[in-house]
Amino acid sequence: MSAVVLQMLCVAGMLGSAVLAIVLSRSTIATTIIYGATLAASAIALIGSIHWLLGDTANADLILPIGLPWLGAHFRLDGLASFFLVVVNLGGASASLYGLGYGHHEEAPQRVLPFFPAFLAGMNLVVLAGDAFSYLLCWEFMSLASWALVMAHHREPGNAKAGYVYLVMASFGTLALLLAFGLLAGPAGDYEFAAIRTAQHTPYVATLVLILMLLGAGSKAGLVPLHVWLPLAHPAAPSHVSALMSGVMTKVAIYGFIRVVFDLLGQPSWWASVIVLSLGGLTAVMGILYAMMEKDLKRLLAYSTIENVGVIFASLGLALAFQANGLKLQAALAFAAALFHVLNHSFFKSLLFFGAGAVLTATGERDMDKLGGLIHRMPYTSFAVLVGCVSISALPPFNGFVSEWLMFQAVLQSPELPQWALKITVPAVGALLALAAALAAACFVKAYGVTFLGRPRGVAAETAEEVDRYSLSAMFILAALCLLAGILPGLVIDALSPITLQILGGRMPIQANEPWLSIAPIAESRSSYNGLLVMVFIAISASAAVVFIHRFASRALRRGPAWGCGFSDPTPAAQYSSGSFAQPIRRVFGTLVFHARDHVEMPPPGDIRAARGLRIELHDLIWERMYEPIAGAVGFSADKLNRLQFLTIRRYLSLVFATLVTLLLVLAIWS
């Protein structure tokens, strides 16, 4: 059995599970059966894609007699597709395992169970598609299935708006992709990827395709300013679906961008990299600034996804710049950094959304200012989320550090680029990425500290209990993967080398040849990193500090109240909140980016009334200045055009006659 046939059989199993979910929608065992079936299908597909990626296997093709009559439906498995299938099916397997426990808390499982396996099947099919028609059809199927999951809790405030905005942005992205593939197919109309890959594309067509792919794939991935749907839709969906949308679906969009721009479009021009680099740097900084201002835990994670998507696109922009100038080793380094971060983000972002779902299940709250002290009530969840926070903050020895370190190593190669525009742009974007990395660390110190540390700020946090073993198992598996990818990064880099060789014609040095499991991106004389030794050093240092303190510190114990700013018995409300933690960042960046204002109702001198609480005013300038005017114009036009349906027969006939005369005049002038 060929590898692509195995993948398609797993997809068929997922689609069959979706049909079975409709039949069993009212059954009490439906949750266990459906999530168990999707877990099995995803696990088989994951093993198959890993075996293909690590083995020396030729590209596998499959043509089904469906789709366009003269084309059929082409499905293809190569190195790039197999890597993204690993990301998709690892995310699907972990979300299914998590759903075995979390799904039993779902209020309306019949609204989730049929669409969950369909969503997984759609993402698999997008990656496997080998022609433009199949790709667009599967892309739209994936979008509609995920929209149905976003609308699963449609009665909750704001969810209907989230679904509407998501559907509009998904339709816009599909239109952009349709135009891009139309330009790639050309007048001959050959939509098969193999034919597009060998065709010659003029610089004008290549420019338009790049812009359309940034609009189409970028809107689904969350590039600024096309990100507006993401912080609305991800929190609206169930938490394991949010993990799939944030950790996996955005990567499917990145796959589409890589497939077209790096594979089908041919040799890029250097100025194209300037566009991608600039958008990536802007997206990274804006995404983490938005996250820093949030107090809703799931919205914070959604905005953080935007930041990580920016990091990936910045790395891809670097790869385009090096590839355009024939620097294959440097291009392979930047491209491998992007793919490594794709994998890493799927690990720690899925883990963090699972943790947010566990907190939501235990407390019913997403507002961090109503939580606190959960480290005592939910110790296992707290530990797993801590691993995710350290990983996403790019701290060694976990995986987030390695991919971002590789990206900065690629930035340091920019002096070899001949164009002055790139010599200026790359260091500037590198500075933006460094700023985003620092803000990400601060953001997740805030998220973890306010949510899990301190004292409970409400009854829900005081009475929380640990979640089920399935949810904990999914979180601990991902936490272990975050550590393994951080201490054994050479194995991942070597696994990615066939992909960089296929796409760019170059590869990084073989990391397995390095001693002590070190990695050397270019050469050991320039830079190297050893995650295993870093972990051992941290463990020994921490253990030595603990032993030294317990051995030589005074055994005298004094207990006293914590300093409470002059109050002898401070309340939990006096702790740091998410707003107070972000205040320094808000004062530096908020005035320019958010038009932020802090409002405190302070009574006049002599008035003994208590001061009112702090109210923070923030504005989403992109939404207010870009999308709201468009929405207002569309609404105004719709109201005016709505009068047309109340015309008399005489006026309808007059309108038809006037339209016909106008078209004839246009045709006559054109001729």
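# Reading a predicted model, feature by feature

Mentor: Let us begin with P225, which has its place in the loop between α8 (203–221) and α9, and let us keep in mind throughout that this is a predicted model.

Trainee: What kind of peptide bond joins V224 and P225?

Mentor: The general idea is that most peptide bonds are trans. The bond that joins V224 and P225, however, is cis, with an omega of about 10°. A further cis bond runs from P396 to P397, where omega is again near 10°, and P397 is found in the loop between α15 and α16 (399–411).

Trainee: How should I read accessibility here, and is W516 buried or exposed?

Mentor: A residue counts as exposed when its relative accessible area is over 50%, and as buried when that area is under 20%. W516 is exposed because its relative accessible area is 70%, whereas L517, with a value of 42%, is partly exposed.

Trainee: Where does T283 lie, and is T283 buried or exposed?

Mentor: T283 belongs to helix α11, which covers residues 270–293, and because its relative accessible area is 0%, T283 is buried.

Trainee: What does G317 touch, once residues up to four places away in sequence are not counted?

Mentor: G317, a residue of helix α12, touches S273, V276 and L277 under that condition. With a relative accessibility of 0%, G317 counts as buried.

Trainee: How do helix α3 and helix α19 pack, and at what angle?

Mentor: Two packed helices are described by the angle between their axes and the distance between the axes. For α3 (residues 79–102) and α19 (residues 469–487), the angle is about 150° and the axes are 6 Å apart. Since an angle over 145 degrees counts as roughly antiparallel, α3 and α19 are therefore roughly antiparallel to each other. On the α3 side the contact is made by L90, S94, L97, Y98, L100, G101 and Y102, and on the α19 side by Y470, S471, S473, A474, I477, L478 and L481. Sorted by class, the contact holds ten nonpolar, four polar and no charged residues.

Trainee: How many cavities of 30 Å³ or more does the structure hold, and which residues line the largest cavity?

Mentor: The structure holds two such cavities, and the largest has a volume of about 70 Å³. Among the residues that line the largest cavity are L297, L301, L352, V385, F444 and Y448. Helix α17 supplies the largest share of that lining, namely five residues, and by class the lining divides into ten nonpolar, two polar and no charged residues. The second largest cavity contains about 30 Å³ of space, and T31, Y35, G103, E106, P109, V112 and L113 line that second cavity. The lining there has four nonpolar, two polar and one charged residues.

Trainee: What is the volume of the largest pocket, and which residues are the closest to its centre?

Mentor: The largest pocket holds about 630 Å³ of space. Its lining comprises 26 residues, of which M293, E294, R299, Y303 and L618 are the closest to the centre. The elements that give two or more residues to this lining are α9 (230–236), α11, α12, α22 (578–581) and β4 (615–617), and α22 gives the most, with three residues. By class, the lining of the largest pocket has twelve nonpolar, six polar and eight charged residues.

Technical notes: Residues numbered from 1 in each chain as written. Predicted model: local features only at pLDDT ≥ 70, side-chain atom pairs only at ≥ 80, totals over all residues. Heavy atoms only, no water. Helix = DSSP H or I, 4+ residues; strand = E, 2+ residues; numbered from the N terminus. Buried < 20%, exposed > 50% of the residue type's maximum accessible area, 1.4 Å probe, protein only. 1 Å grid on protein atoms, 1.4 Å probe; cavity = no way out; pocket = protein on both sides within 12 Å on 5 of 7 lines; lining within 4 Å. Points joined across faces, edges and corners; volume = space filled by probe spheres on them. Nonpolar A, V, L, I, M, F, W, Y, C, P; charged D, E, K, R; others polar. Axes fitted to C-alpha atoms, helices over the stretch in contact; angles between N-to-C directions. Parallel < 35°, antiparallel > 145°, perpendicular 65-115°, else oblique. Contact = heavy atoms within 4.5 Å.
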